[in-house]
Amino acid sequence: MSSIGTGYDLSASQFSPDGRVFQIEYADKAVENSGTAVGIRGKDGVVFAVEKIVTSKLYEKGANRRIFNIDTHVGMAAAGLIADARQLAEIARDEAASYRSDYRAPIPLDYLNQRVSTYMHAYTLYSSIRPFGTTVMLGSWDKQQGAQLYSMGPNGVGYGYWGAAAGKAKSNAKTELEKLKMKDMTCAELVKEAARIIYMVHDEVKDKMFELELSWVGDFTNGVHQRVPNDVHAEAEKFAKSALEEDSDSDDEDMS
């Protein structure tokens with residue numbers, strides 16, 4: 001059987017002879033064509049950073065954001081098809097609102113992860129629908145559980161993480177994440193590292209223009225997910241650019 005899935009990739013409900021579901025693998029490819037998204041869990045909260053590719057100078061700045069508010073205490077970052085990500089954001093918001101209405105309390109992140117991942121998995125079971133072409137990360141902070149970060153892909157499987165990455169430069173971003181001692185770092189430190197990672201893995205040849213989106217939730221925000229303040233955002237970008245220049249200078253020295 002060929003690896004391209006001829007004859008076995010017409011439906012998400014069909015297995016190939018070697019046990020693969022090609023529609024899910026194609027959805028993963030859609031995620032890999034997207035800008036990189038990074039989520040980092042520190043000792044006092046969670047930081048999200050997203051490389052939003054800008055394909056035209058005519059686009060209005062800030063349009064089609066890839067970081068979403070789900071509930072006051074929960075944020076979501078997405079890589080992949082933006083329309084699919086918006087649909088999942090609405091599902092997550094409905095789940096959070098329903099839980100708050102029923103129990104008069106904010107939804108626990110592990111429960112929200114279970115509900116959203118179950119919804120994503122359902123879209124891999126029927127021939128009349130297709131899997132979601134997006135990977136989403138959910139992050140929150142509360143006094144009982146502290147910082148939490150989950151990531152789930154088109155297959156509907158969600159895991160808890162200290163650091164997660166998705167998108168076209170996922171492998172390089174994961175390599176950089178593994179170098180961080182994030183358990184001992186604050187979000188003030190991690191937001192700079194997240195910006196540095198996004199700038200480092202950005203492909204200037206293929207994608208010249210991009211917007212850096214940053215958000216966080218933690219003890220310092222009183223458990224409210226929000227966009228990073230403009231001054232912190234500017235400082236993080238400055239740190240990322242200077243780190244990138246230092247790397248390029250050291251590479252030039254090695255070449256000489």
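The legends below describe close-up views of a predicted model.

**View 1. Strand β5 within the sheet β3-β4-β5-β6-β7.**
Five strands, in the order β3-β4-β5-β6-β7, make up an open sheet with antiparallel pairing. Its edge strands are β3 (67-71) and β7 (158-160), each of which pairs on one side only. On average, neighbouring strands of this sheet are turned by 25° against each other, direction ignored. Strands of a sheet pair through backbone hydrogen bonds, either parallel or antiparallel. Strand β5 pairs with strand β4 (residues 74-80) in the antiparallel sense, over seven bridges. In that pairing, A79 stands opposite T135 of β5. Strand β6 (residues 146-152) also pairs with β5 in the antiparallel sense, again over seven bridges. Here L149 of β6 is the bridge partner of G139, and Q148 of β6 stands opposite S140. The link from β5 to β6 is a hairpin of three residues.

**View 2. The two faces of strand β5.**
Is β5 (residues 134-142) enclosed or open to the outside? Nine of its nine residues are buried, so β5 is largely enclosed by the rest of the structure. In a regular strand the side chains alternate between the two faces of the sheet. One side of β5 carries T134, V136, L138, S140 and D142, and the other carries T135, M137, G139 and W141. All of these residues are buried, and both faces of the strand are covered.

**View 3**
Helix α1 (residues 22-32) has F22, Q23, I24, A27 and V31 as its buried residues. An α-helix has 3.6 residues a turn, so residues three or four places apart point the same way. The buried residues of α1 pack against β4, β5 and β8 (163-166).

**View 4. S151 in strand β6.**
S151 lies in strand β6. With a relative accessibility of 8%, S151 counts as buried. Which residues is S151 in contact with, leaving aside its neighbours within four places in sequence? They are T135, V136, M137, V157, G158, Y159, Y161 and A164. One of these contacts, Y161, is ten residues from S151 in sequence, and the two are 7.2 Å apart in space, C-alpha to C-alpha.

**View 5. The sheet β8-β1-β2-β9-β10.**
A further open sheet is formed by five strands in the order β8-β1-β2-β9-β10, with antiparallel pairing. Its edge strands are β8 and β10, and each pairs on one side only. Within this sheet, strand β2 (residues 45-53) and β9 run antiparallel and are joined by nine bridges. A49 stands opposite L214 of β9 in this pairing. Helix α4 lies across β1 (37-41) and β8 and runs at about 165° to β8.

**View 6. The loop residue H225.**
H225 is in the loop between β9 (210-218) and β10 (226-227). Is H225 buried or exposed? H225 has a relative accessible area of 5% and is buried, the cut-off for buried being under 20%. The side chain of H225 makes a polar contact of 2.4 Å with the side chain of N69. Not counting residues up to four places away in sequence, H225 touches F48, I67, F68, N69, T72, H73, V74, G75, S215, W216 and V217.

**View 7. The packing of helices α4 and α5.**
Two packed helices are described by the angle between their axes and the distance between the axes. For helix α4 (residues 170-178) and helix α5 (residues 187-201), the angle is about 145° and the axes are 10 Å apart. Their crossing is right-handed. On the α4 side, the contact is made by N172, A173, E176 and L177. On the α5 side, R196, I197, M200 and V201 take part. The residues of this contact comprise five nonpolar, one polar and two charged.

Conventions:
Residues are numbered from 1 along each chain as its sequence is written. This is a predicted model: local features need pLDDT of at least 70, side-chain atom pairs count only at pLDDT 80 or more; totals for chains, interfaces and linings use all residues. Side-chain values use heavy atoms; hydrogens and water are left out. Buried means under 20% relative accessible area, exposed over 50%, partly exposed in between (1.4 Å probe, protein chains only). Helices (H or I, at least four residues) and strands (E, at least two) are DSSP runs, numbered from the N terminus. Two strands pair if DSSP finds at least two bridges between them. Contact means heavy atoms within 4.5 Å. A polar contact is a pair of N or O atoms within 3.5 Å; within protein, one must be able to donate a hydrogen and the other to accept it, and residues adjacent in sequence count only if both atoms are side-chain atoms. Axes are lines fitted to C-alpha atoms, for helices over the stretch in contact, and angles run from 0 to 180 degrees between N-to-C directions. A crossing is left-handed if the near helix is turned anticlockwise from the far one by less than a right angle, and right-handed if clockwise. Ala, Val, Leu, Ile, Met, Phe, Trp, Tyr, Cys and Pro count as nonpolar, Asp, Glu, Lys and Arg as charged, and the others, Gly among them, as polar.
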